[in-house]
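Me: I would like to learn how to read a structure, one feature at a time. Could we go through it together, with the general idea before each case?

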Amino acid sequence: MKFFIDTANADEIKKAKEWGILDGVTTNPSLIAKEGVDHKTRVMEIVNIVGDLPVSAECVETDYDKLLAEAKDIASWAPNIYVKVPMTPTSMEVVKELSPNGVNFNVTLIFSLPQALLAAKAGASFISFFVGRIDDMGSGEAAQNISDAVEMVETYEFPKNPEILVASIRGPLQVVESIRSGAHIATIPYKIMEQLFHHPLTDIGIKKFYDDYLKATGKTA
Ligand SMILES: O=C(CO)[C@@H](O)[C@H](O)[C@H](O)[C@H](O)COP(=O)(O)O
């Protein structure tokens, strides 16, 4: 499973890259707004940090002509940009129009299997399932939705061989859920990435090995 970071914070992206675990970056208008920076400037900074890894940058227009122009513009910023559009009929028209010309789309705000099918058929490269928000509704359907969507894209033929991307991850358990469901990608906020390194038994084990080493060598800490 690929690990993307879900942030527009440049320091967090640099750190995740240093860890050697980073496969891509996703941003959205809320994350960019939190940083208080210009959208294009920050996306280009991110591209400079991650090189040719995929970077998702989201459109905000809703009218067809404006969205088409915005998607073309964002796609022109760098070859590894994935243009994010929400699941709407208008967005799917834009995906259908531009994806055969080499534009990669990340269709976002996906909450159901039929929505994932529509995105795949239109020509999405990534299909972003929002597990946290599905779990908030208490339906318990998130994991099943992801594994059904993975099976769907691996069973049928679609224009771009889309990958299922798990978004709206709020804690390590949803990362486990993503792995168990066979998701192709999980996009994870920095704080949760950090949490994934830790386990109480790891800390206890590190301390015991070090203490035994000191005892055996007579050295002091
Ligand atoms: O859609 C993608 C990735 O494609 C994400 O950037 C996505 O927007 C975020 O994970 C969500 O907006 C975060 O949602 P939430 O945890 O605030 O509910």
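Me: How many Å separate a polar side-chain atom of Lys-84 from an oxygen atom of the ligand?

Reply: This is a predicted model, in which local features need pLDDT of at least 70 and side-chain atom pairs count only at pLDDT 80 or more, while totals for chains, interfaces and linings use all residues. Residues are numbered from 1 along each chain as its sequence is written, and side-chain values use heavy atoms, leaving out hydrogens and water. A polar contact is a pair of N or O atoms within 3.5 Å; within protein, one must be able to donate a hydrogen and the other to accept it, and residues adjacent in sequence count only if both atoms are side-chain atoms. Here a polar side-chain atom of Lys-84 lies 3.0 Å from a ligand oxygen, one of Asn-28 lies 2.9 Å from a ligand oxygen, and one of Thr-108 lies 2.8 Å from a ligand oxygen.

Me: Is Ser-91 buried or exposed?

Reply: Buried means under 20% relative accessible area, exposed over 50% and partly exposed in between, with a 1.4 Å probe and protein chains only. Ser-91 has 1% relative accessibility and therefore counts as buried, and its side chain reaches the backbone oxygen of Pro-86 at 2.8 Å.

Me: Which residues are buried in helix H9?

Reply: Helices (H or I, at least four residues) and strands (E, at least two) are DSSP runs, numbered from the N terminus. In H9, residues 172-180, the buried ones are Gln-174, Val-175 and Ser-178. They fall within an arc of 105° seen down the axis, so they line one face of the helix, the arc being that of the directions from the helix axis to the C-beta atoms. The face turned away from the buried side carries the exposed Leu-173, Ile-179 and Arg-180.
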